[in-house]
Amino acid sequence: MPERKNSSATTTAERDAGGFAAAARRAGQMEYDWNFAIVWDYRAVLLRGLLYTVMLAAITIVTSMILGLALALLRGSKVPFVYPVISTMISVVRAVPVLVLLVWMYYCLPIITGLKLEGFTTVVIALSIYSSAFFAEIFRGGIQSIDRGHIEAAQSVGMTRGQVFQRIVAPLAFQRIFPPLVNQCILVLKNTTLAGYVAVPELLYLGQQISVRTFRPLELLTVVAVLFVVTIVPLTLAAEYFEKKYREKYFR
């Protein structure tokens, strides 16, 4: 296995685990002296990590949604051999843990192909492949849930297959798949924390690096958790509001 410039990610994780364990033992043996002032000194670094995390998640979500929709449409194709190939590929990707896929692409793929990708690119590709399999199943379930009578009625008035999908299938399916779609997007955002295993400077990775310097892992872990909460909860509320307005506009 070739040596990579950020191969210290594993040892860093081990040191962080030891730091958390030591802090927990101290907290159990005596009253722990919480000190968030040290964390405040690194607020700019943590906010930069949060922005990096959101950007990474946004790129991955858009990419995996496009790929997932394509897979869902191909899986519904009547072309011979297309369905079993796509179905098998989706099943295999869903069966592989996302961390295994990420680490394999970062360390093993260069050995096999000679192609060396940057950590950020590797994370986007790995998370997009993994998430697209789940998005494909969400899209497929939404499309198949549409009553065949709606499609036949649209075709009877002269609509093309593209018009039927755009005007009938897509709006009805979107209403039904919206909640699981939002849930999957949130999972993508959470999965970005795995990027630290290849030393991509997302929020959790930077929090771990700061905890090594400050010996304050409990404070850092708490702040990282709070930052994820204040990011995900407003997005969830905004999605619920959008869903409500969408239903009022198209399904009154």
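Tutor: A helix here is a DSSP run of H or I with at least four residues, and helices are numbered from the N terminus. Please keep in mind that this is a predicted model.

Student: Is Ser64 buried or exposed?

Tutor: Ser64 has a relative accessible area of 0%, and the limit for a buried residue is under 20%, so Ser64 is buried.

Student: Which backbone oxygen does its side chain reach at 2.6 Å?

Tutor: That oxygen belongs to Thr60.

Student: Where do Tyr52 and Phe120 sit in the chain?

Tutor: Tyr52 is in helix α3 (residues 43-75) and Phe120 is in helix α6 (residues 119-144). They are 68 residues apart, and the pair links distant parts of the chain.

Student: How accessible is Tyr52?

Tutor: Tyr52 has a relative accessible area of 23%, which makes it partly exposed. Phe120 is also at 23% and counts as partly exposed. Another edge-to-face pair is formed by Tyr106 and Tyr107, at 4.9 Å centre to centre and with 90° between the planes. Both Tyr106 and Tyr107 are buried.

Student: Which rings are linked into a cluster?

Tutor: Ring pairs link Tyr32, Trp34 and Phe36 in that way.

Student: Let's switch to charges. How many salt bridges does a search of the whole structure find?

Tutor: The search finds five salt bridges. In one of them, Glu137 meets Arg94, with the closest N and O atoms 3.7 Å apart. Glu137 lies in helix α6 and Arg94 in helix α4 (residues 82-95), so this pair ties together parts that are 43 residues apart in sequence.

Student: Why does Glu137 count as buried?

Tutor: Glu137 is at 18% relative accessibility, and buried means under 20%, so Glu137 qualifies. Arg94, at 40%, counts as partly exposed.

Student: Which residue forms a salt bridge with Glu137 at 2.9 Å?

Tutor: That partner is Arg140. Arg140 and Glu137 both lie in helix α6, three residues apart, which is about one turn of the helix. An α-helix has 3.6 residues a turn, so residues three or four places apart point the same way.

Student: What about Arg216?

Tutor: Arg216 forms a salt bridge with Glu219, and their closest N and O atoms are 3.0 Å apart. Both Arg216 and Glu219 are buried. Elsewhere, salt bridges with shared partners join Arg75, Arg94, Glu137 and Arg140 into one network.

Student: How many disulfides turn up?

Tutor: The search of the whole structure finds zero disulfides. As for individual cysteines, Cys185 counts as buried at 18% relative accessibility, whereas Cys108 counts as partly exposed at 25%.

Student: What happens at the start of helix α7?

Tutor: Helix α7 covers residues 148-156, and at its start a side-chain oxygen of Asp147 reaches to within 3.1 Å of the backbone nitrogen of Gly149. After α7 comes Gly158, which has a positive phi, near 100°.

Student: Last topic, the inside. Which residues of the largest nonpolar core touch the most other members?

Tutor: They are Ile90 and Val123, in a core of 23 residues. Helices α3, α4, α5 (98-113) and α6 each supply at least two residues of this core.

Student: Which residues is Val123 in contact with, leaving aside neighbours within four places in sequence?

Tutor: Val123 is in contact with Leu56, Leu102, Ser128, Ala195, Val198 and Val200. Apart from this core lies another, of 17 residues, including Leu46, Leu189, Val224 and Ile232.

Note on methods:
Residues are numbered from 1 along each chain as its sequence is written. This is a predicted model: local features need pLDDT of at least 70, side-chain atom pairs count only at pLDDT 80 or more; totals for chains, interfaces and linings use all residues. Side-chain values use heavy atoms; hydrogens and water are left out. Buried means under 20% relative accessible area, exposed over 50%, partly exposed in between (1.4 Å probe, protein chains only). Rings of Phe, Tyr and Trp (its six-membered ring) pair if their centres lie within 6.5 Å; planes under 30 degrees apart count as stacked, over 60 as edge-to-face and the rest as tilted. A polar contact is a pair of N or O atoms within 3.5 Å; within protein, one must be able to donate a hydrogen and the other to accept it, and residues adjacent in sequence count only if both atoms are side-chain atoms. A salt bridge is a side-chain nitrogen of Lys or Arg within 4 Å of a carboxyl oxygen of Asp or Glu. A disulfide is a pair of cysteine sulfur atoms within 2.5 Å. A nonpolar core is a set of buried Ala, Val, Leu, Ile, Met, Phe, Trp, Tyr and Cys residues joined through side-chain atoms within 4.5 Å. Contact means heavy atoms within 4.5 Å.
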